[in-house]
Amino acid sequence: MRDILVAGNWKMNGSSTANAELVSGIIAGVPEGRGFSLLVCPPFPYLASVAAQAAGSAVSVGAQNVSEHQKGAFTGEVAPSMLSDVGCEYVIVGHSERRSLYGESSAQVAAKFQATQAAGMTPILCVGETLEEREAGTTEKVIDEQLDAVLDAAGVAAFGAAVIAYEPVWAIGTGVTATPEQAQDMHRHIRGRFEALNADIAASVQILYGGSMKGENAAGLLAKPDIDGGLIGGASLKAQDFLAIAQAAAQN
Ligand code: PEP
């Protein structure tokens, strides 16, 4: 039985004051229950303060991006060791906004995935298709290509210490959520790819769903056998919204 991970991607939102309030609200309201964990991913400048506030609580901290390089002349970039140094345990890699707005290639995403693991943190690898790709019937091909780039570079064993997030681009920030059946179909497809490679990893790898997940739809999504949590944007910015999803995870 896999644990559920409820992960908040704050994107470019927050301030020192708002973050402190949000984190204390989350910590104060962590639901009773076993088999789930909570993660928040603030913007870079706030990682250290949020990690300090969350230390010793049920809430872990992760970053939204990382450099694939270790150090040196990369102005504006943040090295994996720096994230680990300030208390990050996870890093989101390959979010569709990074791929589409900043031109991150699947090869670069694979390098970030490996750099994250080399620094002792867990990558959350995002994969997902656009609406055009879904309508063209190429969803599985797109997901396979995004996964293969990382499998080819890092090998299947690397997924023993990684999380996958299936995030249909058409559902991110749109208010349109994939139905539990649509999401389950893709999660099953992804797990099936791993079954063909390594049965143990297929059984253990957490596959999160992301795309307009909220309190009202979380229970239906989390009830599906291959959905092991959520990567949540908009609904992670208010403690009560995030906790409503955590509640669904605790009751799953
Ligand atoms: C995301 O940014 O990963 C995301 C899923 O956002 P939202 O929940 O707002 O759709």
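Biologist: Which residue stands opposite A7 in β8?

Modeller: L231 in β8 stands opposite A7. This is a predicted model, where local features need pLDDT of at least 70, side-chain atom pairs count only at pLDDT 80 or more, and totals for chains, interfaces and linings use all residues. Residues are numbered from 1 along each chain as its sequence is written, and side-chain values use heavy atoms, with hydrogens and water left out.

Biologist: How many bridges join β1 to β8?

Modeller: In general, strands of a sheet pair through backbone hydrogen bonds, either parallel or antiparallel. Strands here are DSSP runs of E, at least two residues, and helices are runs of H or I, at least four, numbered from the N terminus. Two strands pair if DSSP finds at least two bridges between them. Here 4 bridges join β1 (residues 4–9) to β8 (residues 229–232), and the two run parallel.

Biologist: In what order do the strands close into a barrel?

Modeller: The 8 strands follow the order β1-β2-β3-β4-β5-β6-β7-β8, with parallel pairing. From one strand to the next, the twist averages 25 degrees, taken between axes fitted to C-alpha atoms, with angles from 0 to 180 degrees between N-to-C directions.

Biologist: Which residues are closest to the ligand?

Modeller: A residue counts as near if one of its heavy atoms lies within 4 Å. By that rule 14 residues surround the ligand, and the closest are K11, E167, G173, S212 and G233.

Biologist: Where do K11 and S212 lie?

Modeller: K11 is in the loop between β1 and α1 (16–29), and its phi is near 50 degrees, a positive value in a residue other than glycine. S212 belongs to the loop between β7 (206–210) and α10 (215–222); its phi, also positive without being glycine, is near 55 degrees.
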